[in-house]
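Subject: Handover of a structure

Dear colleague,

Please find below the structure that I am handing over to you, followed by an account of what was found in it. I would be grateful if you could read the two side by side.

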Amino acid sequence: MQLEGIHHVTAVTGNAAGNLDFYTRVLGMRLVKKTVNQDVTDTYHLFYGDEVGHAGTEMTFFDWPNVGPHVAGAGDVTAVSFVVPSREVLGWWVERFDQEGVQHSGILERNGRGVLPFVDPEGQRLELVAGEKPGTTPWPKSPVPADKAIRGLGPVTITVATPEPTVRVLTEVMGFQQTGEYTFPDNPSRRARVYATGEGGPGAEVHVEDRVQLPDARVGIGGVHHVAFRTPDDEQHKEWQKRVMRAGLRVTPVIDRYYFRALYFREPGGVLFEISTDGPGFATDEDVEHLGEHLSLPPFLEPKRAEIEASLKPLYAPAAPAPVGP
Ligand code: ZN
């Protein structure tokens, strides 16, 4: 039983409309689902991914305008990355970011891959990473040409005050193995260790940085709420629930998120982890052609649709934006 890699990353925005514009128009991802937070139903939960929202391609956002800005620190996901097909493509993205006024640094070489760090308009720490990511399909209507397009999630970097307990959970409970270690090229005082699961590759890595002196992070706008890992089916998902519980970690029951099943636990360094099933996927309640165009609600919230819709600000996906290029 092996986790296959990263399933999705969920972060916080305070501006759903700006968030939608940045991730779909600037980054060229597809809004594959527009729904609400199942526990806070007057707030949007937006999912961006590839053409169909394959597991491993989604960055999702809770729209929480009142939580305050994210405070970075220990127990934090300090970078989320997206895979692009090659190092050469990173140069195209530098030009795009300059045209769009996106803050970015130079192209770096890290852990054997080209990396372009940047931030979204709310300071979300993001990176493009050159590499291979099989099993994903770019959105044909994306404003970003297919040969430059984001292929899905790459490594997440987590920062903890004391790495040993986190590393023990990653390796002894979750089955990750250390595959490398690097110094940050833009700041040699920072180091991270690389852990990989399943077949490995950029979509299956967690990078662990230890920063003893940092106070704890506080999740808010521009930060990450949790990172989820992939398991193929419900049988293995139930086994993971038992395995995490046997390790002495507090884990939730299996929760039906309708597009996948989920369970949650906090790793000892403070980062909230989720393990999710690959299926059933985002085309369960909408056909692939029209993903994300209407507000989707899980069946248990459907009876309250009128009330929920009235509590939300209208939010429209941009209609097939004109391609930019080359
Ligand atoms: Zn999640």
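Predicted model: local features only at pLDDT ≥ 70, side-chain atom pairs only at ≥ 80, totals over all residues.

His8 and His226 are both buried. Since His8 belongs to strand β1 and His226 to strand β13, the pair ties together parts of the chain that are 218 residues apart in sequence.

Regarding confidence, the chain has a mean pLDDT of 94, and 97% of its residues reach 70 or more. Please treat one stretch separately: over residues 319-326, pLDDT stays under 50. For that stretch, the model has twelve contacts beyond four places in sequence.

I turn next to the salt bridges, of which a search of the whole structure finds 22. One of them joins Arg230 and Glu4, with the closest N and O atoms 3.7 Å apart. This pair links distant parts of the chain, as Arg230 is in strand β13 (residues 224-231) and Glu4 in the segment before β1 (6-13), 226 residues apart. Glu4 has a relative accessibility of 30% and therefore counts as partly exposed. Through salt bridges that share partners, Glu4, Arg230 and Asp278 are joined into one network.

A second salt bridge runs between Glu100 and Arg25, whose closest N and O atoms are 3.1 Å apart. Here too distant parts of the chain are linked: Glu100 is in helix α2 (residues 87-100) and Arg25 in helix α1 (residues 16-26), 75 residues apart. Are these two partners buried or partly exposed? Glu100, at 31% relative accessibility, counts as partly exposed. Arg25 is partly exposed as well, its relative accessible area being 29%.

In a further salt bridge, the side chains of Lys33 and Glu286 meet at 2.7 Å, N to O. Lys33 is in strand β2 (residues 30-36), while Glu286 is in the loop between β16 (272-280) and α5 (305-311), so that the pair links parts of the chain 253 residues apart. Both Lys33 and Glu286 are buried.

The aromatic residues also deserve a note. Elsewhere, ring pairs link Phe22, Tyr23, Tyr48 and Phe61 into a cluster.

Finally, two arginine residues lie over aromatic rings. Arg190 is placed over the face of Phe184, at 4.2 Å from the ring centre. Arg243 is placed over the face of Trp240, at 4.6 Å from the ring centre.

Yours sincerely

Note on methods: Residues numbered from 1 in each chain as written. Heavy atoms only, no water. Salt bridge = Lys/Arg side-chain N within 4 Å of Asp/Glu carboxyl O. Helix = DSSP H or I, 4+ residues; strand = E, 2+ residues; numbered from the N terminus. Buried < 20%, exposed > 50% of the residue type's maximum accessible area, 1.4 Å probe, protein only. pLDDT = per-residue confidence, 0-100. Contact = heavy atoms within 4.5 Å. Phe/Tyr/Trp six-rings, centres within 6.5 Å; stacked < 30°, edge-to-face > 60°. Lys NZ or Arg CZ within 6 Å of the ring centre and 35° of its normal.
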